[in-house]
Each structure stands twice: as structure tokens, then as C-alpha cells.
Amino acid sequence: MIGMKRVYDERTDADGLRILVDRLWPRGLSKPAADLDDWYRDVAPSTELRKWYGHVADQFPEFRRRYLAELDEPARAELVETLRGLTRDHDLMLLTATREIELSHLVVLAEVLRAAS
């Protein structure tokens, strides 16, 4: 299982491993309160892509295309493979600080991870 939710949401029994996949640490959240198992900041979209996108719904298809290209870069592709490996033995809950998860990079990353599972 690969789930998605906000990092501000409390851990539940169904979460499995809680993995933050944002480049920046969430505002107003302490590390103990985040209750994370890991933080994969380098699998998140580049700063340039994140700023360009700005969660504008009409730009999501182009954001998705650009982010998929970034995920093919060697360093990110290695992290994607590490996450895929985790899915073999664990449920994963991908976490982000964004309010609009359905328009976030989590959707794209989860799709990539599910496709290879």
C-alpha cells in the first residue's frame, strides 16, 4: 500500500512507514511532532519546478511531465528505487505539507512507485 497525506496529520495504524518527500521542512512542525520514519527531500521536485508550478491546477499536466523527467535523473532515480524497495516489505505513507495533495508531487511519485510494484 502506498498512501498519501499531510505531514501535519497524526500517525495511524494504517500508515506503515511515514516518509516526508518535501524539499523544505514543514512550517511550524517540530521533528518529534512530525513522527517520521524518514525524510527523502531529494526526491521532491526541484526548487525551480516547485516555484514555477505553484499548485496552479491548469499547470498540473506540465508539472507532472517535468517532474517525471526529474525523477529519471540518476540521483532521484536511485531514491525512487530505494522507495520501491521499501514497498516490498512495508506499507508507505508519503507525506507533504501542501494542502492540495491531489495537485501535488505525491500523486506523481505514488503513481511511479505503484507502476513498478
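How much accessible surface does the protein chain have, and what share of that surface belongs to carbon and sulfur atoms? In this predicted model, the accessible surface of the protein chain comes to about 6,600 Å², and carbon and sulfur atoms account for 50% of that area.

The overall dimensions were examined next. Along the principal axes, the C-alpha trace of the protein chain spans about 35 × 30 × 20 Å. The radius of gyration of the protein chain is 13 Å, which agrees with the value near 13 Å that a compact globule of 117 residues would have. Of these 117 residues, 40% count as buried. Among the contacts in the protein chain with a separation of 6 or more, 62% are accounted for by residues 24 or more positions apart.

As to secondary structure, the protein chain contains five helices and four strands, and the elements follow one another from the N terminus in the order β-β-α-β-α-α-α-β-α. One of the helices, H3, covers residues 60-71 and thus has 12 residues; from its first C-alpha to its last, H3 reaches 16 Å, close to the 16 Å expected at 1.5 Å a residue. The buried residues of H3 are Phe-60, Phe-63, Tyr-67, Glu-70 and Leu-71. Because these residues cover an arc of only 95° around the axis, they lie on the same side of H3.

Most residues other than glycine have a negative phi. Against this background, Asp-35 has a phi near 50°, a positive value in a residue other than glycine. Asp-35 is found in the loop that runs between helix H1 (31-34) and strand S3 (38-39), and, because its relative accessibility is 33%, Asp-35 counts as partly exposed, a class that lies between the cut-offs of under 20% for buried and over 50% for exposed.

A positive phi is also found at His-55, where the value is near 55° and the residue is again other than glycine. With a relative accessibility of 28%, His-55 counts as partly exposed.

Note on methods
Residues numbered from 1 in each chain as written. Predicted model: local features only at pLDDT ≥ 70, side-chain atom pairs only at ≥ 80, totals over all residues. Heavy atoms only, no water. Helix = DSSP H or I, 4+ residues; strand = E, 2+ residues; numbered from the N terminus. Buried < 20%, exposed > 50% of the residue type's maximum accessible area, 1.4 Å probe, protein only. Expected span 1.5 Å × (residues − 1). Arc of directions from axis to C-beta. Rg over C-alpha atoms; globule rule 2.2 N^0.38 Å. Contact = heavy atoms within 4.5 Å. Areas by Shrake-Rupley, 256 points an atom, 1.4 Å probe, with all protein chains shown as cover.
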